[in-house]
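Take a moment with the sequence and the structure, then try each task before reading its solution.

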Amino acid sequence: MAHAQNKYYIPHGTKWPILGSIGLFTLFFGFSNYLNGGSAGPVAFAGVAIVILMMFLWFREVIHESVSGIYNEQVDKSFRIGMMWFIFSEVMFFGVFFGALFYARQLSVPWLGGEGNNFFTNQLLWQGFESVWPTNGPKHVGGEFEPMGAWGLPALNTIILLSSGVTVTIAHHALKANKRGTLALFLALTFLLGFLFVGLQAYEYGHAYSELNLKLSTGIYGSTFFMLTGFHGMHVTIGGIMLTVIWLRCLKGHFTPTDHFAFEGVAWYWHFVDVVWLGLFIFVYWL
Amino acid sequence: MSNISTHSHEQHDEHHDHGPAKGLLRWVFTTNHKDIGTLYLVFSLIMLFVGGTFSLVIRAELFQPGLQFVHPDFFNQMTTMHALIMVFGMIMPAFVGFANWMIPMMIGAPDMALPRLNNWSFWILPFAGTLLLSTLFMDGGAPASGWTLYPPLVLQTGNALPFAIFAVHLLGISSILGAINIIVTILNMRAPGMTLLKMPLFVWTWLITAYLLIAVMPVLAGGVTMLLTDAFFGTSFFQAAGGGDPVLFQHIFWFFGHPEVYIIILPAFGIISQVIPTFARKPLFGYSSMVYATAGIAFLSFIVWAHHMFTVGMPLAGQLFFMLSTMLIAIPTGVKIFNWTATMWRGSLSFETPMLFALAFLFLFTIGGFSGLMLAIAPADFQYHDSYFVVAHFHYVLVPGGLFGAIAGAYYWLPKWTGHMYDEKLGKIHFWLSAIFVNLLFFPQHFLGLAGMPRRIPDYAVQFADFNMLSSIGAFGFGFSQLLFVYIVIKCVRGGEKAGAKAWDGAEGLEWTLPSPPPYHTFEEAPVVK
């Protein structure tokens, strides 16, 4: 078997992907039915449960294989390259929502206000509309609202998330130096900061809905604000769960100073949500 | 299809006795790149006939002026579903099937880098297809907005809207996972000595295609998510009243959509670049310039998207920029066309079926390229826009371009996959039927468009009647000719003249060093490339 360990590990058959496909199909079928006013909405939760089960079983098998030492360096490299390109796809996903924000702020709202050759658009269709940001459009979709300030909770959240980027790096250095205590402590700190961030975001959403009358339906400002921060919050939550799993694995003695791709993959992901947040803070909250 | 790659009488390996699993579940649980490649190819062949049937509904309705067979709204559903199925269900999976089968064998890898993920990227597809096709039976029917799903029209879709949007999400997930796998395989699984600039061109084109897929499929996912929230959660992305803009969707869609058309054609370029040298018995002329031209096309594909929307209204500087950047694409594409031609120059040409399809590709894709150049001219595009000229243009690049590329690849590698030569005589008949009918189908559409016939319309003025009738005859001829292709494939899978390891005497590359059919697992010990 010593010889086999130098070979690239190829699994022979897998049951998890088809389970995942069934889960996704169930989820989307149920959710679509719910959106159409049907009664199959709860089916969507079954779909979510199947997808979570699939991820649990799939990752469990991969972790077992990894711990048992059948992955060689080349397999490790495959995971690394794969994770990088996955994060790149996520960058593009956020990119389109940032693109929508910039388009609205730089083009569509000024055009509605009569800029460029759009004088008659403004005069004939949206008379009296002045191009300002934030706005919920010439029809004041969603009613009067107050925008979200940058320097209260969001600034605090920025500090929290950036700190968590530091703590995960300290944890990584501790792992490489084989200081398991420091590793466990700072990794725990990282996901606790992450969940604190999510909690504060939830509080901020409550504040927006109940006191600022700022909602998802508050014109283009509400749309871009909640979709960008919402998808980001979802990613922080997923990242926090991934960090928690890595933390539990650290407690069980997984990972060595030289072999810890799963840790690094999650750390990359965490830095990626960090950077997205900086973009959000600057372009959604601040400027 | 279960006959493919089940014989492993050669290359006995002391470590491995893993042949394919028994029974039908083999195909559900498989992590073998050859099995998954076969699944992709069979799926896309089925979808070719599903999407083809939709197009025959369109052509039957357009055979004569007046409303004959279907309700106009159903006609629009057909144009939409035809395009979505052909793009996402047929041509893209077909090329992923080729990638699965051939890339590991071309670079000397034991399998794809992430075999479980590979299974998932295929097995999402049938579920996505079911979700999409089920919309035909819903209240309000399938989406009737065209595959571009422009708001506000698409927001008038009935119950189908969320189903169609989630189907697009699933198709996107499948493509992204498949593309990640292909990139990782190419970057990390090459045999020793297989440097990047020694890779077969098919591998190169797929490396760049996979990059395009990962870059733009998330953009489409984001765009259709905005459609969903606009329709059901009160957002205003595409509504001027709330400060948004329906044109924003067009920008998002075409930022995805233009790279998407190269996602479809680049793997076909790759196949043609394998086929022509084989049958010209000469190495590909200008290999490195082919690689750079492919990369150049990929780069340009990101900065030309608004040429799809000249008439929507945009600043003059924007029109000029997008017109000129679009014209630039003619340069790397021209490099390719000339290199293929130069490869044949003074070669020992022979004209087996793959070569015939490759030659037809060369001529007919070029016609599509030239009409694309005409459409790129912004002031002229104001005339052509949304006319049948556009339909003729993109069908020329997609059908005798993309699809002929895939068919050439299928004939080229069928002997490798099955161990049998296909019936050459029937192959040639299939070629001539396809080549004649495809021109009868699409060439008259140029004239219709220039004469002013709009696209996506179930009825037309009588002066368009003759060309429409010709086009419809071509459509039915072309569609039914493809049944012959299915027959040839099945016949080849079931038996025929034995194919040697090097089925074509002019073929070069690692895949031809393996027996035909190759054993279930190949290159478990990496070959060394000199």
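How many Å separate the centres of domain 1 of chain A and domain 2 of chain A, taken over C-alpha atoms?

**Solution.** A word on the model first. This is a predicted model, in which local features need pLDDT of at least 70, side-chain atom pairs count only at pLDDT 80 or more, and totals for chains, interfaces and linings use all residues. Residues are numbered from 1 along each chain as its sequence is written, while chains are lettered from A and ligands numbered from 1 in the order in which they are written.

Step 1: find the domains. Domain 1 of chain A covers 1–71 and domain 2 covers 73–286; such bounds come from an automatic or database domain assignment.
Step 2: read off the distance. The two centres lie 26 Å apart.
Step 3: look at where the domains meet. Four residues of domain 1 are in contact with four residues of domain 2 (in contact: C-beta atoms, placed from the backbone, within 7 Å). On the domain 1 side, these are four nonpolar, no polar and no charged residues (nonpolar: Ala, Val, Leu, Ile, Met, Phe, Trp, Tyr, Cys and Pro; charged: Asp, Glu, Lys and Arg; polar: the others, Gly among them).

**Exercise 1.** Describe the side of chain A that touches chain B.

**Solution.** Step 1: count. In this pairing, 52 residues of chain A are in contact with 55 residues of chain B.
Step 1: name the helices. H1 (16–35), H3 (73–112) and H7 (219–251) of chain A each supply at least two residues to that side (helices are DSSP runs of H or I with at least four residues, and strands are runs of E with at least two, numbered from the N terminus).
Step 2: find the top contributor. H3(A) gives the most, with 19 residues.
Step 3: sort by class. The side of chain A that touches chain B has 30 nonpolar, 19 polar and three charged residues.

**Exercise 2.** Does the radius of gyration of chain B agree or disagree with that of a compact globule?

**Solution.** Step 1: list the elements. Chain B has 15 helices and zero strands.
Step 1: compare. For 530 residues, a compact globule would have a radius of gyration near 24 Å, and chain B agrees with its 23 Å (taken over C-alpha atoms; the rule is 2.2 Å times the number of residues to the power 0.38).
Step 2: check burial. Of the 530 residues in chain B, 60% count as buried (20 or more other C-beta atoms within 10 Å of its own; exposed means 12 or fewer, partly exposed in between, with C-beta atoms placed from the backbone).

**Exercise 3.** Where in H14(B) does a kink lie?

**Solution.** Step 1: check the length. H14(B), residues 424–450, should span 39 Å at 1.5 Å a residue, and its end C-alpha atoms are 39 Å apart, which agrees (expected span: 1.5 Å times one less than the number of residues).
Step 1: locate the kink. A bend of about 25° lies at B:Leu440, shortly before B:Pro444 (the angle between axes fitted to the seven residues ending there and the seven starting there).

How values were computed: Contact = placed C-beta atoms within 7 Å.
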